[in-house]
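Have the structure open while you read.

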Amino acid sequence: MANKKIKSDEAAIDVLLKEKKIYPPAKSFSRLAYVKSFAELKNLRKKALSSPEKFWESAAKELFWHKPWRKTLAWKPPFSQWFVGGKINASYNALDRHLSGFRRHKAALIWEGENGEKRVLTYLELYREVCRAANALKKLGIKAGDRVAIYMPMVPEAVIAMLACSRIGAPHNVVFAGFSASALSERIQDAQVKLVITADGFFRKGLIVKPKDVVDEALKSAPSVEKVLVLNRGIVENSSWVEGRDVDWVDALSEASDDCPAEKLDSEHPLFILYTSGSTGKPKGILHTTGGYLVQAAWTTKYVFDLKDDDLFWCTADIGWVTGHSYVVYGPLLNGATVFMYEGSPMHPAPDRFWSMIERHKISILYTAPTAIRAFMRLGESWPQKHDLSSLRLLGSVGEPINPEAWRWYHKNIGREKCPIVDTWWQTETGSIMISPLPGATGTKPGSASLPLPGIDAEVVDRSGNPVPLGAGGYLVIKKPWPGMLRTIYGNPARYKEQYFSQALALGKKNYPYYFTGDGARKDKDGYFWVLGRIDDVLNVSGHRLSTMEIESALVSHPAVAEAAVVGRPDDLTGQAVSAFVTLKEGQNPDESLKREISEYVGRAISPIAKPADIRFTPLLPKTRSGKIMRRLLREIASGGAVKGDVTTLEDLGALEKLQSQEEE
Ligand code: WTA
């Protein structure tokens with residue numbers, strides 16, 4: 001019975017593996033695709049595997065380099081450098097390069113606000129705005145290398161801010177505008193940010209959210225920040241203003257020239273820092289540099305989405321996540337594409353908002369997350385059926401494993417059985433897509449991200465690092481460096497080495513040469529990868545990464561809480577849900593209102609995404625003799641499974657302690 005959860009996982013995997021139906025690429029799609037057949041893809045993968053450097057060199061040649069590189073890859077495990085000696089600029093490649101030809105007046109960005117407002121920026125217009133913003137940043141004292149935090153809603157200015165930073169070589173640190181003041185402050189302090197860009201407000205589900213207020217609060221504990229550039233959209237009355245520190249976006253840009261030559265930056269110049277949750281400690285500042293990241297972002301956007309000049313590309317991710325960096329901003333703009341961007345909630349004013357926008361704007365590529373698909377699935381087919389979705393030609397999925405049921409629903413009701421689906425596996429750390437079908441070439445199996453892309457050497461291994469037999473579960477690792485890989489954890493190379501390489505500790509080898517993803521996976525007889533999800537203490541709730549430790553420390557900072565443990569449990573909608581076990585201090589009343597209060601408290605401390613879906617009060621937490629919380633046991637309880645010895649209530653956990661401790665140690 002203790003193995004009930006594992007058994008049910010295995011049963012689910014068996015179902016997946018028995019999934020016979022392969023969806024071959026439609027001939028009509030393949031004919032016009034960049035890669036037209038499986039044979040062609042196989043050949044490409046084979047060649048790239050024998051010389052990944054050659055493969056990435058040819059991809060790099062599609063970008064503009066101010067100075068060519070001397071050496072494609074310098075690999076001193078676990079540290080890599082790509083296109084060494086080359087000079088390149090992200091903003092130049094995303095904008096200037098398109099101005100001399102037919103794309104000059106092409107729409108770069110089509111934006112819709114939650115309340116229906118619309119804006120279109122052509123490449124020339126976007127370029128000018130970016131130049132103005134870059135000059136404004138310079139005037140505020142920002143130089144190459146200075147960190148700038150962007151705490152912005154999904155408005156065109158967020159994209160402008162990112163490209164303005166990269167134009168002058170100031171690494172951006174975008175923080176999701178749903179994060180709390182303390183989460184924002186922590187990220188600003190860790191990156192020693194000099195300037196913050198924010199907005200007075202934005203719309204979400206018909207309500208006004210006020211990020212500027214959060215910035216004010218965060219800056220009480222972040223002394224490195226000198227200036228705050230504020231986009232006043234005029235939606236918040238009497239928005240606060242700190243004289244001498246706050247600068248108005250419109251004023252600053254209107255005074256600035258629209259000519260700002262792009263800095264010729266070293267290929268390894270830091271492009272951005274993006275914080276993500278790890279299994280231990282505070283969030284990790286994932287550092288990406290310029291040349292390699294751009295090469296892979298550009299290549300994957302072009303080939304995975306088979307992106308053409310007449311597409312309207314919509315990646316629904318927020319710019320606060322890596323998906324927003326690579327597939328709202330850099331990837332599509334590097335390819336000269338037209339990007340669609342939406343400010344608000346998918347359910348506002350009604351659950352057909354997405355389908356209505358696809359119909360009205362004639363969006364051709366939709367890239368979204370399984371949680372969103374499951375939420376739409378619950379609401380029923382009638383919402384998408386009201387709309388003409390015939391402009392769509394390709395669908396994508398990212399952020400979490402997609403269950404075959406949701407895949408098929410997406411295929412039938414959104415893709416109307418004619419759009420290929422690319423299920424793309426990757427991470428903040430990988431920078432860009434790593435495992436995915438190419439839509440004109442790969443037959444797809446619902447639930448599998450299929451095969452590693454050309455130039456990516458992925459494998460499923462056992463604890464000692466040896467490949468497991470086909471069909472068996474193991475650890476997903478990447479065996480060779482790739483251009484978009486993280487370079488380090490900002491300010492903490494030792495943690496970088498420890499977490500991603502000598503995790504090898506967990507794999508029983510020192511100086512493990514492979515990058516460990518933190519995910520479990522299986523490979524089937526066709527070599528297709530089935531990513532099963534995180535195997536460390538990282539939760540994936542609605543495609544958002546959360547660390548159990550972070551939520552636990554938020555819980556114990558509540559005055560009523562003595563001790564807390566957090567685990568993930570399966571959830572039909574969000575993939576995983578946060579389940580908390582809480583021991584209260586003496587004299588506290590363990591009632592429902594305290595549960596609600598604690599949950600709200602976590603929402604305020606981190607972000608509403610981190611709120612526990614359930615809280616259980618327990619007089620003690622089960623621990624091993626060395627004091628480690630027995631998470632496996634808690635996971636079983638949280639997912640409703642019975643635990644060994646027929647002990648199902650938390651009150652009995654004390655009795656279990658001895659029994660379990662031997663097993664866990
Ligand atoms: C999970 C998001 C299965 C995985 C781009 C990974 C997926 C984590 C998929 C990274 C997928 C992402 N199938 N699992 N197609 N895509 N994941 O850093 O567990 O926010 O390690 O990057 O999401 O999340 P992150």
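Strand β18 (residues 365-368) runs parallel to β19, and 4 bridges join the two. Keep in mind that this is a predicted model. Within that pairing, tyrosine 367 has glycine 396 of β19 as its bridge partner. β19 also pairs with strand β20 (residues 421-424), again in the parallel sense and over 4 bridges. Glycine 396 turns up here too, with valine 422 as its bridge partner in β20.

Leucine 539 stands opposite leucine 546 of β27. The two strands make a hairpin with 2 residues between them, and serine 542 in the turn has a positive phi of about 55 degrees.

Here are the strand pairings side by side:

| Strands | Sense | Bridges |
|---|---|---|
| β18 and β19 | parallel | 4 |
| β19 and β20 | parallel | 4 |

## A serine tucked away

Now zoom in on serine 326, which lies in helix α12 (residues 322-334). Is serine 326 buried or exposed? With 0% relative accessibility, serine 326 counts as buried. Its side chain makes a polar contact with the side chain of tyrosine 293, at 2.7 Å. A polar atom of that serine side chain also lies 2.7 Å from the backbone oxygen of glycine 431. Leaving out residues up to four places away in sequence, serine 326 touches Tyr293, Thr301, Gly331, Pro332, Trp426 and Gly431.

How many disulfides does the structure hold? The answer is 0. The sulfur of cysteine 315 has its closest cysteine sulfur in cysteine 419, and at 17 Å that is too far for a bond. Looking from the other end, the closest cysteine sulfur to cysteine 419 is the one in cysteine 315. Cysteine 315 is buried, at a relative accessible area of 4%, and cysteine 419 is buried as well, at 2%.

## How the domains meet

The domain assignment gives domain 1 (25-87 + 303-536), domain 2 (90-263) and domain 3 (558-664). Take domains 1 and 3: their centres, taken over C-alpha atoms, are 34 Å apart. Where they meet, 6 residues of domain 1 are in contact with 5 residues of domain 3. Between them they bury about 440 Å², with 58% of that on carbon and sulfur atoms. Which residues matter here in terms of area? Thr371, Arg374 and Arg378 supply 73% of the area that domain 1 buries against domain 3, more than any other three residues.

Terms used
Residues numbered from 1 in each chain as written. Predicted model: local features only at pLDDT ≥ 70, side-chain atom pairs only at ≥ 80, totals over all residues. Heavy atoms only, no water. Buried < 20%, exposed > 50% of the residue type's maximum accessible area, 1.4 Å probe, protein only. Polar contact = N/O pair within 3.5 Å; in protein donor to acceptor, adjacent residues only side chain to side chain. Contact = heavy atoms within 4.5 Å. Pairing = 2+ DSSP bridges. Disulfide = S-S within 2.5 Å. Domains from an automatic or database assignment. Buried area = accessible area lost by both parts, 1.4 Å probe.
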